[in-house]
Amino acid sequence: MSSITIRSLQAMKARQEKFTVLTAYDATFAQNAASAGVEALLVGDSLGMVLQGHNSTLPVSIGDMAYHTACVARGNAMAERPALVMTDLPFMSYGTLEQGLESARKVMQAGAHMVKVEGDDWLVPLIQALSNQGVPVCAHLGLTPQSVNKLGGYRVQGREKDHADAMIRHAQTLEQAGADILLLECVPSQLAADLTAAVSVPVIGIGAGGGTDAQVLVMHDMLGLNANHVPRFVKNFMIEGRTVQQAMAAYVDEVKSGAFPAEEHGFSA
């Protein structure tokens, strides 16, 4: 089977077929996730918390991201149908245009197919420059963990009408700038559905209800390995004696059928 590409995901949106995204940080889990049918693997800066033991994503370096991207890329290549690999550019690694281009070069040369950045309209010059250089971009809106100190904690975003309207405008602006995918984190379910309908690029949700084109979860969360606070949008798929790959396949099946996320996994305005 051929590899999953951006065009594959765009075609799935056009067919109104849901797709799945899962974080991966090493070769073994990357191969298992892709083999279970996950269409995109996110090498997330969440590794700072689930692998390195930090209380936020801020300490993660671009070197960390390049290293784990290379590991994931090697494992993914061993799957019968390799997934698309996207990699977070970590905190303060794209504060200037030159810095962002250099950070993207490092992770793309390590094996990423796409980079993910957090922010709104201020990202336009970077997204345009990356697009001109042939680097696909996923733009992350809503709760942006790299801005947790500015946001005052991990809080649902876009509950006020003016903020919700602004988020939709930001999404459209980022699409026009060249963003290939959008990701929404911790926003009201209705806002996520409205935003998904307002853009032509695929929209991935986490804590954004079932109205987006795709879902993403942190692998450790969906395998029930998070011993600390479990967000309401998380579901443990490692139940009923399932193996890791069976749990991943169940996640894929439930996203595609619409069973996950259920109403209780989302937020109201």
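**Cavity, pockets, rings and a helix**

Analyst: A search of the whole structure finds 1 cavity of 30 Å³ or more, a cavity being a set of points on a 1 Å grid over the protein atoms alone where a 1.4 Å probe fits but cannot get out. This is a predicted model, in which local features need pLDDT of at least 70 and side-chain atom pairs count only at pLDDT 80 or more, while totals for chains, interfaces and linings use all residues. Residues are numbered from 1 along each chain as its sequence is written, and side-chain values use heavy atoms, with hydrogens and water left out.

User: What volume does the largest cavity have, and which element gives the most to its lining?

Analyst: The volume of the largest cavity is about 40 Å³, taken as the space filled by probe spheres set on grid points that are joined across faces, edges and corners. Strand β8 gives the most to the lining, with 3 residues, and the elements that give two or more are β7 (203–206) and β8; strands here are DSSP runs of E of at least two residues and helices are runs of H or I of at least four, numbered from the N terminus.

User: How do the lining residues of that cavity divide by class?

Analyst: They divide into 7 nonpolar, 5 polar and no charged, where Ala, Val, Leu, Ile, Met, Phe, Trp, Tyr, Cys and Pro count as nonpolar, Asp, Glu, Lys and Arg as charged, and the others, Gly among them, as polar. Phe 233, Phe 260 and His 265 are among the lining residues.

User: Phe 260 also sits in an aromatic pair, so which ring is its partner, and is the pair stacked or edge-to-face?

Analyst: Phe 260 pairs edge-to-face with Phe 237, at 5.5 Å centre to centre and 85 degrees between the planes; rings of Phe, Tyr and Trp (its six-membered ring) pair if their centres lie within 6.5 Å, and planes under 30 degrees apart count as stacked, over 60 as edge-to-face and the rest as tilted. Phe 237 lies in the loop between α10 (219–222) and α11 (244–257) and Phe 260 in the segment after α11, so the pair ties together parts 23 residues apart in sequence. Phe 237 is buried at 0% relative accessibility and Phe 260 is buried at 3%, where buried means under 20% relative accessible area, exposed over 50% and partly exposed in between (1.4 Å probe, protein chains only).

User: On to the pockets: what is the volume of the largest, and which residues are closest to its centre?

Analyst: The largest pocket holds about 890 Å³, and of its 35 lining residues the closest to the centre are Met 49, Glu 185, Val 218, Asp 221 and Pro 231. A pocket is an open set of points with protein on both sides within 12 Å along at least five of seven lines, and lining residues have an atom within 4 Å of a point. The lining has 18 nonpolar, 9 polar and 8 charged residues.

User: What do the buried residues of α8 pack against?

Analyst: They pack against α6, β5 (137–142), β6 (181–185) and α9 (189–198), with contact meaning heavy atoms within 4.5 Å. Just after α8, Gly 178 takes a positive phi of about 125 degrees.
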